[in-house]
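Subject: Structure handover

Hello,

Here is the structure for you to look through. Please keep it open while you read.

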Amino acid sequence: MSRSRTIDTPDDLRDAVPEFLVPPETLDTVSPSGDRGGMIIGSGPQGEPISTSILRPQPTRMVTVGGLYLARQIALRAMATGAWVIVATGRPEPWKILEQAAGETPDGQPVPLVQIRRLTPFDLPRSSEDAPLLVIHDGGAVPQELFPPRSAWQTTMYVLPYLHPQVGNGTAANTADLVLLQRLPANQAQLAGRIWHLHPPQVQQLTTLKDDGVIALGNMVWNPIQLVTNKREQEILGPIRRGD
């Protein structure tokens, strides 16, 4: 049986405290799947589960670059941990499957665990350990910071369909605690190398990822991950894919 694996987390910290309490500079959002706020995102080279602490007691910013499949899978798994999920988007239709997955109240209304809103500023609910909040900002390749994470247990995830030259000038990419990169064309891989100071072999690897391949990028972290899915997720999202 494969063990869950952490990435670049010191053994003394791992043994002393739950991973989601490790400071951001050493945690880089990667932790064992059993901890509060952790969710499995895929498997490592030996088939071991790799999980990320997306919901944690610090304001957290993350970025996904690629298709909607990855972003929606993360949203579903956040819902499974009991998180509130709010999606601010200019394309609501692809996100309605989250409402359907959450189910309905006895009077036939969508369960309020999921909200799909327009890309305009609005007040967010208060987040807490018992009610963590994932705010998904699906606002194109150069997003504005409408909902920067300001409180504990709030994570803002920016969904980028591709890397735009201007994204390196914004806060979302440069200060993200975790970036999940799917396969990139050569010119975008070169741009990623400049934004995140990658080595040439890493830039090359970004162009050769398979449809189920993801690179988890953080502070001193470069981790190839193979996406995994379960039967229920396949029913909701379809097969794993790179595009939307």
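Below are notes on what was found in it.

**Ground rules**

This is a predicted model: local features need pLDDT of at least 70, side-chain atom pairs count only at pLDDT 80 or more, and totals for chains, interfaces and linings use all residues. Residues are numbered from 1 along each chain as its sequence is written, and side-chain values use heavy atoms, with hydrogens and water left out.

**Confidence**

pLDDT is the predictor's confidence in each residue, from 0 to 100. Its mean over the protein is 82. Of the residues, 84% reach 70 or more. Helix H1 (residues 11-16) has the lowest confidence, at a mean of 29. H7 has the highest, at 97. Take care with residues 1-37, where pLDDT stays under 50. The model still has 94 contacts for that stretch beyond four places in sequence. A contact means heavy atoms within 4.5 Å.

**The whole protein**

The protein has eight helices and 10 strands. These are DSSP runs, numbered from the N terminus: helices are H or I with at least four residues, strands are E with at least two. There are 244 residues, and 49% of them are buried. Buried means under 20% relative accessible area, exposed means over 50%, and partly exposed is in between (1.4 Å probe, protein chains only). Take the contacts with a separation of 6 or more: 62% of them come from residues 24 or more positions apart.

**Helix H3**

H3 covers residues 68-80, 13 residues in total. From first C-alpha to last, H3 reaches 18 Å. That is close to the 18 Å expected at 1.5 Å a residue; the expected span is 1.5 Å times one less than the number of residues. How many residues of H3 are buried? The count is 12 of 13, so H3 is mostly covered. Among them are Leu 70, Arg 72, Ile 74 and Met 79. Gly 82 follows H3, with a positive phi near 100 degrees.

**Met 62**

Met 62 sits in strand E3 (residues 60-65). Why does Met 62 count as buried? Because its relative accessibility is 1%. Met 62 and Leu 178 are 116 residues apart in sequence, yet their C-alpha atoms are 4.8 Å apart in space. Beyond its neighbours within four places in sequence, Met 62 is in contact with several residues, including Ile 54, Tyr 158 and Leu 178. Ile 74, one of the buried residues of H3, is another contact of Met 62.

Ser 127 lies in the loop between strand E5 (114-117) and E6. Its relative accessibility is 11%, so Ser 127 counts as buried. A polar contact is a pair of N or O atoms within 3.5 Å; within protein, one must be able to donate a hydrogen and the other to accept it, and residues adjacent in sequence count only if both atoms are side-chain atoms. One of 3.1 Å joins the side chains of Ser 127 and Ser 151. A polar atom of the Ser 127 side chain also lies 2.7 Å from the backbone oxygen of Ala 152. Trp 153 is one of the residues that Ser 127 touches.

**Two positive phi values**

Trp 153 has a positive phi, near 65 degrees, and is not a glycine. Its loop runs between strand E6 (133-138) and strand E7 (154-160). His 197 also has a positive phi, near 55 degrees. His 197 lies in the loop between helix H6 (186-196) and helix H7 (200-206). Is each one buried or exposed? Trp 153 is buried, at 6% relative accessible area. His 197 counts as exposed, at 68%.

Best wishes
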